[in-house]
Amino acid sequence: SYARILEHPWRGAEAYHFLLLSQRQLYAGMYIEALRTAIRLTEYDDFLSPTQVYSILALAAIATNNYNICSKAFIKLESLGSNEDKTRAQIEDLAIELFSKHAPKDAPSSSLICPNCDTENPDWVSSCINCSFNFLPSIATGRSMVDLEVCRFHSMHDTAV
């Protein structure tokens, strides 16, 4: 996949930046921000360990009471072929314990409006749930941005905002 790396040379740096940012946000108790950033991490599975990405996502989702997101992260963790049988069993046991106490529902969140189709989206998504319009990430916070002027500037100059 060297062609892909050459096509998007900064993608790996972005991946590790968001990984470090999500960990920093978790440790600082900024759980909503960590969830937003961890969701963004799932787009970088070509550079990052899926086990690490979905573990961070599950932790952030639990901390913010977003058990549907957590459930999906656990499903992904259970399905990864790289996990040993012992690890997979621990993940399954933890999932059973967690979801016997909490239904897989997400907590209410702020919303953002898609500039492409005017659909209201949860503020943690990285693309519109209706038209799949990709929201650019803030490099500083990991949060999705929908301001078209900022997006135009970003795409014209290909720099981080």
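The following legends describe close-up views of one predicted protein model.

**Conventions.** Because the model is predicted, local features need pLDDT of at least 70 and side-chain atom pairs count only at pLDDT 80 or more, whereas totals for chains, interfaces and linings use all residues. Residues are numbered from 1 along each chain as its sequence is written, and side-chain values use heavy atoms, with hydrogens and water left out.

**Figure 1. Overview of the secondary structure elements.** The protein contains 7 helices and 4 strands. Helices (H or I, at least four residues) and strands (E, at least two) are DSSP runs, numbered from the N terminus. Read from the N terminus on, the order of the elements is α-α-α-α-α-α-β-β-β-β-α. The protein has 161 residues, of which 35% count as buried. Buried means under 20% relative accessible area, exposed means over 50%, and partly exposed lies in between (1.4 Å probe, protein chains only). Among the contacts in the protein with a separation of 6 or more, 45% join residues 24 or more positions apart; a contact means heavy atoms within 4.5 Å.

**Figure 2. The packing of helices α2 and α3.** Helix α2 covers residues 11-27 and helix α3 covers residues 31-41; their axes come within 8 Å and cross at roughly 155 degrees. Helix α2 is therefore roughly antiparallel to α3. Axes are lines fitted to C-alpha atoms, for helices over the stretch in contact, and angles run from 0 to 180 degrees between N-to-C directions. Angles under 35 degrees count as roughly parallel, over 145 as roughly antiparallel, 65 to 115 as roughly perpendicular and the rest as oblique. The crossing of α2 and α3 is left-handed, a term used if the near helix is turned anticlockwise from the far one by less than a right angle, while clockwise is right-handed. On the α2 side, the contact is made by A15, F18, L19, L21, S22, Q25 and L26, and on the α3 side by Y31, E33, A34, T37, A38, R40 and L41. In the contact of α2 with α3, 9 residues are nonpolar, 3 are polar and 2 are charged. Ala, Val, Leu, Ile, Met, Phe, Trp, Tyr, Cys and Pro count as nonpolar, Asp, Glu, Lys and Arg as charged, and the others, Gly among them, as polar.

**Figure 3. The packing of helices α2 and α4.** Helices α2 and α4 pack with their axes 11 Å apart, at an angle of about 30 degrees. This angle makes α2 roughly parallel to α4. The crossing of the two helices, α2 and α4, is left-handed. Residues L19, S22, Q23 and L26 of α2 meet Q52, I56, L59 and A60 of α4. The contact of α2 with α4 comprises 5 nonpolar, 3 polar and no charged residues.

**Figure 4. The packing of helices α5 and α6.** The axes of helix α5 (residues 67-79) and helix α6 (residues 85-99) are 10 Å apart, and the two pack at an angle of about 160 degrees. Helices α5 and α6 are therefore roughly antiparallel to each other, and their crossing is left-handed. From α5, the residues Y67, C70, S71, F74, L77 and E78 meet R88, I91, E92, L94, A95, L98 and F99 from α6. Of the residues in the contact of α5 with α6, 9 are nonpolar, 1 is polar and 3 are charged. L94, in helix α6, is partly exposed, with a relative accessible area of 44%. The C-alpha atoms of L94 and F74 are separated by 9.1 Å, although the two residues are 20 residues apart along the chain.

**Figure 5. The largest nonpolar core.** A nonpolar core is a set of buried Ala, Val, Leu, Ile, Met, Phe, Trp, Tyr and Cys residues joined through side-chain atoms within 4.5 Å. The largest one has 35 residues, and L35, L41, L48, L57, I69 and F74 touch the most other members. Two or more residues of this core come from each of α2, α3, α4 (50-63), α5 and α6. Helix α4 gives the most, with 7 residues. Apart from its neighbours within four places in sequence, L48 is in contact with A15, Y16, L19, L41 and V53.

**Figure 6. Two loop residues with positive phi.** N65 is not a glycine, yet its phi is positive, at about 60 degrees. N65 is placed in the loop between α4 and α5 and counts as partly exposed, at 42% relative accessibility. D118, also a residue other than glycine, has a positive phi near 65 degrees. D118 lies in the loop between β1 (111-113) and β2 (120-122) and is exposed, with a relative accessible area of 61%.
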